[in-house]
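Colleague: I am new to this entry and would be grateful for a guided introduction. May we begin with the fold as it is displayed?

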Amino acid sequence: MRSCCSRRCNDYDRPPHADKLNSFARAKAHIMTLRVYNTLTKKKELFEPVKPGKVGIYLCGMTVYKSPHIGHMVGPVIFDAIKRYLTYKGYEVTWVVNITDVDDKLIEASKKVGQPMQEIAEKYTRDYLQTLRLLGIDTIDKMPKATDHIAEIIEMCEALIGKGHAYAAEGNVYFDVTKDPDYGKLSHRKVEEQETTGRVDAAGKRYPADFALWKASKADEPYWDSPWGRGRPGWHIECSAMSMKYLGQTFDMHGGGMDLMFPHHENELAQSESATGKEFVKYWMHNGLTRVRTKARGGEWQVEDMHASSGNMVPVRELIERHGADLMRYFLISTHYRRPIEFTDEVIAAAKKGLSVFARLFDRVQRLTGAPLTDDVQDMDRTAAGLLEGDNGEFARSVLNLKMKFLEMMDDDFNTAGAIAVMHELAGEVNAFIERHNIEHNKQPELITAAAAAAQSLRKLGLVLGLFRPGFAKAEPKDSDFVDQLMKLLIEIRANARKDKNFALADTVRKGLEQINVTLEDRADGTIWRRG
Ligand SMILES: [Zn+2]
């Protein structure tokens, strides 16, 4: 494990000050205490990587036969935040997300529209990658495609047959679950319970719970030549072959939605450990499913899981266009990853309100300093040395404590919801500090520096979660100058009306704006406006 003196971990290379030893010790303790809930053991476990200082993560990606909906983005957004956090802690992280470009669903879609499977896969791969880009998910290291790994898949099938864990029958290859005493250990089910879930009608299958590693292709289906004739890979084996190729036979974290735990991940685990004789994954992490509010037959509202069959999926690109990428990310990580995410208008509205707290604070600080809050502004870690001894020591300490609280939340099984709550606490502290000292009126330079440093600490915490990308605060990028000018004019009319004691006119302006969801806020340095 890399020392937490690493620049990525924290700024502990700064000049010594009173708090240095203390926070160093806390940070060191902190890097040791990351706990991750493991589906396999049903417990939160101390995180210990396979290779010191390094973390390998595999997340099951999309089957590219349609446009991604919001549910497809939950895993990528969560693991993007997880990778950023682990990197911040000093780990070297490799994150792999696969693309399933051969599958029953793709073959079905191809037959339905009369287009080759490959063309459909390419079209929706582009769509998937573009959506990830739009959401600002740029931390994935590798996105391998199943069809580029047929040789590895065939090799793994052969190894499993060689070891007696699999058998070929009528052009298919099946995994023999009866030879694996561990089968069911991830989903905590017994093999006998699964008999009804397996398809018995598959050609040559010996036992209902056995699953296909390789499938014989029908005449009109895409195929690859194999020792068992023309066929194509099963879904589960592609993830084993690709994850082990890029991350090694034993790697740290494997993620996916709760719905993938069985049979997909159970089968991945069984075939991988049977092939290598080694532990496949140390920490299995499953995220909650997305739930939407729909109208039931009787007309009453109900909240249900989002799935294709009920047609209640929300296309994610439309949402990004409507709400912006930052809000979507904020919304998705505002719930702990293991809990279901309820996707309703009310929740989106609440997220909008929550995110605007930070935007307003950063604007406020920008008005004080006269410059935007960019990387150049020093954060509280850097300015605390001077502040701790002065009158504002208490404020500096409370900002640093809240930062530690944020890290503790993230160390508790990546509790992003708790971390965001701490960020709100911190924003409240900074606003209270500005008001307590009437900084907007008095404009004392050292207090402005303290407020800016605290806001910068907050901004940096947001960046750790992948929030606050450049431009996030701009709610209305188009026509914004024109709207600004109009609003300036309205604010001036209202101010003049109040000066002339024409309160009726001043009220008309304020109420009229409120009706179109524009709020005016009178501050020491003038009136500002905002939407929502
Ligand atoms: Zn997978």
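Colleague: How many bridges join strand S6 (residues 172-175) to strand S7 (residues 211-216)?

Modeller: This is a predicted model, in which local features need pLDDT of at least 70, side-chain atom pairs count only at pLDDT 80 or more, and totals for chains, interfaces and linings use all residues. Residues are numbered from 1 along each chain as its sequence is written. Helices (H or I, at least four residues) and strands (E, at least two) are DSSP runs numbered from the N terminus, and two strands pair if DSSP finds at least two bridges between them. S6 and S7 run antiparallel, Val-173 stands opposite Trp-214 in S7, and the number of bridges joining S6 to S7 is 3.

Colleague: Which strands stand at the edges, each with a single partner strand?

Modeller: S6 and S7 belong to an open sheet of 4 strands with antiparallel pairing, in the order S5-S6-S7-S8. One side of each edge strand is left without a neighbour in the sheet, so the two edge strands are S5 (166-169) and S8 (231-233).

Colleague: At what angle does helix H5 (residues 150-162) run to S5?

Modeller: Axes are lines fitted to C-alpha atoms, for helices over the stretch in contact, and angles run from 0 to 180 degrees between N-to-C directions. Two residues are in contact if their C-beta atoms, placed from the backbone, lie within 7 Å. H5 lies across S5, S6, S7 and S8, and its angle to S5 is about 105°.

Colleague: Which residues of the largest nonpolar core touch the most other members?

Modeller: A residue is buried if 20 or more other C-beta atoms lie within 10 Å of its own, exposed if 12 or fewer, and partly exposed in between, with C-beta atoms placed from the backbone. A nonpolar core is a set of buried Ala, Val, Leu, Ile, Met, Phe, Trp, Tyr and Cys residues joined through C-beta atoms within 7 Å. Cys-157, for instance, touches Ala-166, Val-173, Leu-213, Trp-214 and Ile-237, leaving aside residues up to four places away in sequence. Of the 127 residues in the core, those touching the most other members are Cys-157, Leu-213 and Ala-451.

Colleague: Which strands stand at the edges of the open sheet that has parallel pairing?

Modeller: This sheet has 4 strands in the order S4-S3-S9-S10. The strands that pair on one side only are S4 and S10 (281-287).

Colleague: How many residues of strand S3 (residues 54-59) are buried?

Modeller: S3 pairs in the parallel sense with strand S4 (residues 92-97) over 6 bridges and with strand S9 (residues 251-257) over 3 bridges. Lys-54 has Glu-92 as its bridge partner in S4, while Ile-57 has Met-253 in S9. S3 is mostly covered, and the count of its buried residues is 5 of 6.

Colleague: How far apart are the axes of helix H3 (residues 104-113) and helix H4 (residues 117-134)?

Modeller: The two helices pack at an angle of about 110°. That makes H3 roughly perpendicular to H4, a term for angles of 65 to 115 degrees, where under 35 counts as roughly parallel, over 145 as roughly antiparallel and the rest as oblique. Residues making the contact include Leu-106 of H3 and Met-117 of H4. The axes of H3 and H4 are apart by 9 Å.

Colleague: Which peptide bond is cis?

Modeller: Most residues other than glycine have a negative phi, and most peptide bonds are trans. Pro-263 lies in helix H7 (residues 261-276). With omega near 0°, the cis bond is the one from Phe-262 to Pro-263.

Colleague: Is Lys-443 buried or exposed?

Modeller: Lys-443 lies in the loop between helix H14 (439-442) and helix H15 (445-464), and its phi is near 55°, a positive value in a residue other than glycine. With 12 other C-beta atoms within 10 Å, Lys-443 is exposed.

Colleague: What is the phi of Lys-501?

Modeller: Lys-501 is found in the loop between helix H16 (480-499) and helix H17 (503-515). Lys-501 counts as exposed, with 8 C-beta neighbours inside 10 Å. Although Lys-501 is not a glycine, its phi is positive, at about 60°.
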